[in-house]
Each structure stands twice: as structure tokens, then as C-alpha cells.
Amino acid sequence: MSSTAAEVGHTADGADLADGDGADRTDWDRADRADWAAQVRRLARQRDAVILAHNYQVPEIQDVADHVGDSLALSRLAAASTARTIVFAGVYFMAETAKILAPDRTVLIPDSRAGCSLADSITAQQVREWKAEHPGAAVVAYVNTTAEVKAESDVCCTSSNAIQIVESLPAGQEVLFLPDQFLGAHVQRATGRRNMRIWLGECHVHAGISPADLRRKAEADTEAELFIHPECGCSTAALWQAGMGDLPAGRTRVLSTGGMLDAARSTRAKAVLVATETGMLHQLRRANPAVRWEPVNPNAVCRFMKMITPATLLRCLRDGVDEVHVDPDVADRARRAVRAMIATGTPSAAGE
């Protein structure tokens, strides 16, 4: 691939690198990929940039990044980094969180149109109205929220520490949990908390992984373990089915993305069925290549995550776009909610 061809986002034969999911393209050979990766690393050095990639990014972007993980762990790495520029290959709320925790740094996202259906399921105005209906309630916001929503919240949480965060609140205090209804139901079930109200938001990708998908896959692969993200529409049903014996109780686990990676390194199963966005499979296969990793729903692909492409990452580093800004007052209030979470308990690598 020539330098010019790469910088406009095309392979030598004219195929657009922004098309497809990056996993199965045959028109981008090993030499093309190596040339693109070398250019990315060269531009990152020139810009003094650290490249952070979410677990749901396409494999080649995960492979070229300095760090791969969930949004909060990456944001904390960003804050600790000495790099002048942070390039966040993920969706917009994730880059916002990095800016909140590293306000003195330039934060770039390769495509600012990369949104999130879960984060968009609640606005700051809706949070204010909800709080007015429930004076004195504690607002617990999943990190998958906009900066403005975090600013209206008392404490943030990840899917790995949401139970701990809710349990840390006074037993008599009402809790407003937002925005994910499936994670909220998981937390309420685990804590037994009756004075907990849950916003009816969802991630369109995780909500689309159904109990029927899970049961059908499990019946076809009876020895496989099941790794299920708590945002999934099948998570509550899965635990109920495991309790009823319809799914293998000892092999059905509800885990955050980081929790999946921890479990991947220690599992002795020959096969694992994974209920989350399919980009996660790349890290799981790297963590334990002896296991056969299969998606519960192979169509669980986030179109927003996949807006970050090899071409847009190269453009981002070359041109310094798209820069992420957060209003300082909003950032200050949102930072308090994130720090309240950290003070309650250290967010593990398990993250989202």
C-alpha cells in the first residue's frame, strides 16, 4: 500500500478500508495491514498520542492500540498517561469520560458521529425531572451515559461494581438507577433492594440478544460455558433458566467485559458461548486460544462502534480530528460522580 493510498483510506486496489467490519475482508492483505499499522504508530509518535481502543472495536484497531479495555478502565489509563493527546477509539461518551478525567489533555475520537443508543436513552433534563419526583433519592448512573447525565448524578458505576455501589448506599434511601434496565434488574435481584427505581433504557445491541438465542445455542452445544453481559436482554432469563435447570447452572455466568477476560484466562471449558457485542471475541480468543469462542448472536454488532475504522483512525492522527470538548462546569460535576464511585470501591479491570 502506498502512503497516499493509505491516508485516503483505500487499499492499493481501491477497496475502501471504511467498509465492512474489519474481521473478514480479503482485499486487505497482511502487507497492507502492516503498512497501515506502521503509519498509525508513526503518526501517534509525532502527535505524542496514546491510542485507546474499546473491546468492541474491529480487531486491527485493537491490535494497533496502546491499550484495549472497557471505557472506564481506558479513561483511567488516559488520566494516568503523560501523553499530550488521547485518541479514544470507541463511542462518544467514552471519549467524554476521558476528557472529564484528563481535562488538561487534547482528546480525539476518530468519528464524532459514533454515538450510543444506551447513553441516548436518557437526557440530563429527564434526570432532573426524575429527581424532582423522588426528592432525597440517590442517583446511580452507569458509566455508559453522557457527561451531562453524569453531572446530574450522585455516583457512577460499572457493571462489575454496580452491586457494590448500590449496597454502599443507606438502606432506607431510595435509589434511582439509570439508564440500563437489564443491568438495573440484575443489581436489584442481587441486592434484594425494594426501594430502587430503574430507568427503562437499553443498548439496542445487547437487548437484541434474546433468551431464545441463548437457549438455542446452549441446547446445540451442551458442554459449553455461557458468558453473559448484564446489559443483555437475556441476562435475567438466563439466571432464571439456570435455576430451573433449563441452562447449566454451574456454567452460566453473568459477567462484565473485564470479568469475561478474567474468566477466559482460567476457564477449562472447551467452548464458551458469549452474549455481548461480537468485537469482544477478539480479546477472548487472544486470552485463551485453546477455547472455541462462539457468539450467542453473531449479528450482535454495534454499528456505532464500527464507525471507527482504519481509515478514520488514520485521519484522526493525521489531521487532529475530531476533538472532544466538555463544558468545564459539566465536567466538574460529572467528575465528582466518577470520583464518588472510585472512593466507594476501586473499579476493577472488569469495568463494563
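Which helices each supply at least two residues of the lining of the largest cavity? They are α5 (92-101) and α10 (204-207), where a helix is a DSSP run of H or I with at least four residues, numbered from the N terminus. This is a predicted model, in which local features need pLDDT of at least 70 and side-chain atom pairs count only at pLDDT 80 or more, while totals for chains, interfaces and linings use all residues. Residues are numbered from 1 along each chain as its sequence is written, and side-chain values use heavy atoms, with hydrogens and water left out.

**Cavities**
- A search of the whole structure finds 2 cavities of 30 Å³ or more, a cavity being a set of points on a 1 Å grid over the protein atoms alone where a 1.4 Å probe fits but cannot get out.
- The largest cavity holds about 170 Å³ of space, with volume taken as the space filled by probe spheres set on the points.

**Lining of the largest cavity**
- Lining residues, which have an atom within 4 Å of a point, number 20 here, and the closest to the centre are Y56, C116, C203, C302 and M305.
- The largest share of this lining, 3 residues, comes from α10.
- The lining divides into 11 nonpolar, 6 polar and 3 charged residues, where Asp, Glu, Lys and Arg count as charged, Ala, Val, Leu, Ile, Met, Phe, Trp, Tyr, Cys and Pro as nonpolar, and the others, Gly among them, as polar.

**Cysteines**
- The count comes to 0 disulfides, a disulfide being a pair of cysteine sulfur atoms within 2.5 Å.
- C302 is in no disulfide, and the nearest cysteine sulfur, that of C203, is 6.4 Å away.
- C302 is buried, with a relative accessible area of 11%, and C316 is buried too, at 0%, where buried means under 20% relative accessible area with a 1.4 Å probe and protein chains only.

Definitions and conventions:
1 Å grid on protein atoms, 1.4 Å probe; cavity = no way out; pocket = protein on both sides within 12 Å on 5 of 7 lines; lining within 4 Å. Buried < 20%, exposed > 50% of the residue type's maximum accessible area, 1.4 Å probe, protein only.
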